[in-house]
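Here is a short briefing to read alongside the model. Please keep the sequence and the 3D view open as you go.

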Amino acid sequence: TAEPKISSLTRVREFPDQTLSAEAGKLFCKGCKDELSLIKSSIRTHIKSKAHIANVQRFWAREAVDKTTKIFLEDHLARHPDETLCHPIPRR
C-alpha cells in the first residue's frame, strides 16, 4: 500500500500521548524506537500492540524521572551557583 499524502506531523497530532514524533518528514515511535508508516490503520495497529503499550508506560515513567531530576538539579544549582555539573579537568 502506498503511503498517504499526509504529513508525519499531522499523524502525531492525531495520536496524542502515544510518543509519536515527526522527524525529517518521517513518523517515529519514541517509546518503541521504531519508524512507522503514515497509514492510519497501521498506526492504530501499532498503538494497540502489547509491546507499544508497555513501551509507552516505560517512556512516560522515564520522562517523569527526568523531569524530577531536572527540577532537583535546577533548584540545587540556584541555591549553590558556585557548583557546576561538569567534572574538573585533571591537571597534569
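Ala24 sits in the loop between β1 and β2, in a predicted model. Ala24 has a positive phi of about 55 degrees although it is not a glycine. With a relative accessible area of 82%, Ala24 is exposed (exposed means over 50% relative accessible area, buried under 20%, and partly exposed in between, using a 1.4 Å probe and protein chains only). Helices and strands here are DSSP runs, numbered from the N terminus: H or I of at least four residues for helices, E of at least two for strands.

**How to read the model**

- Residues are numbered from 1 along each chain as its sequence is written, and side-chain values use heavy atoms, with hydrogens and water left out.
- Because the model is predicted, local features need pLDDT of at least 70 and side-chain atom pairs count only at pLDDT 80 or more, while totals for chains, interfaces and linings use all residues.

**Overall layout**

- The protein chain has three helices and three strands, and along the sequence they follow the pattern α-β-β-β-α-α.
- Of its 92 residues, 23% count as buried.
- Among contacts between residues at least 6 apart in sequence, 37% join residues at least 24 apart (a contact means heavy atoms within 4.5 Å).

**The β1 and β2 hairpin**

- β1 and β2 run antiparallel and are joined by four bridges (two strands pair if DSSP finds at least two bridges between them).
- Two residues lie between the strands of this hairpin.
- Ser21 stands opposite Phe28 in β2.

**Thr19 and Ser8**

- Thr19 lies in the loop between α1 and β1, and has a positive phi of about 60 degrees although it is not a glycine.
- Thr19 is buried, with a relative accessible area of 4%.
- Ser8, in helix α1, counts as buried because its relative accessibility is 5%.
- Leaving aside neighbours within four places in sequence, Ser8 is in contact with Ala22, Gly25, Lys26, Leu27 and Leu38.

**The nonpolar core**

- The largest nonpolar core has ten residues: Val12, Phe15, Leu20, Leu27, Cys29, Cys32, Leu36, Leu38, Ile43 and Ile47. β2 (26-29) and α2 (40-48) are the elements that give two or more residues to this core.
- A nonpolar core is a set of buried Ala, Val, Leu, Ile, Met, Phe, Trp, Tyr and Cys residues joined through side-chain atoms within 4.5 Å.
- Val12 is in contact with Leu20, Ser21, Ala22 and Leu27, leaving aside its neighbours within four places in sequence.

- Which residues of α2 are buried? They are Ile43, His46 and Ile47. These residues cover an arc of only 90 degrees around the axis, so they lie on the same side of α2 (the arc is that of the directions from the helix axis to the C-beta atoms).
- Thr45 and Lys48 are exposed on the other side of α2.
- The buried residues of α2 pack against α1 (8-14), β1 (20-23), β2, β3 (34-36) and α3 (50-79).
- α2 and α3 pack at an angle of about 65 degrees, with their axes 5 Å apart. That makes α2 roughly perpendicular to α3. His46, Ile47 and Lys48 of α2 make this contact with Lys50, His52 and Ile53 of α3.
- Axes are lines fitted to C-alpha atoms, for helices over the stretch in contact, and angles run from 0 to 180 degrees between N-to-C directions. Angles under 35 degrees count as roughly parallel, over 145 as roughly antiparallel, 65 to 115 as roughly perpendicular and the rest as oblique.
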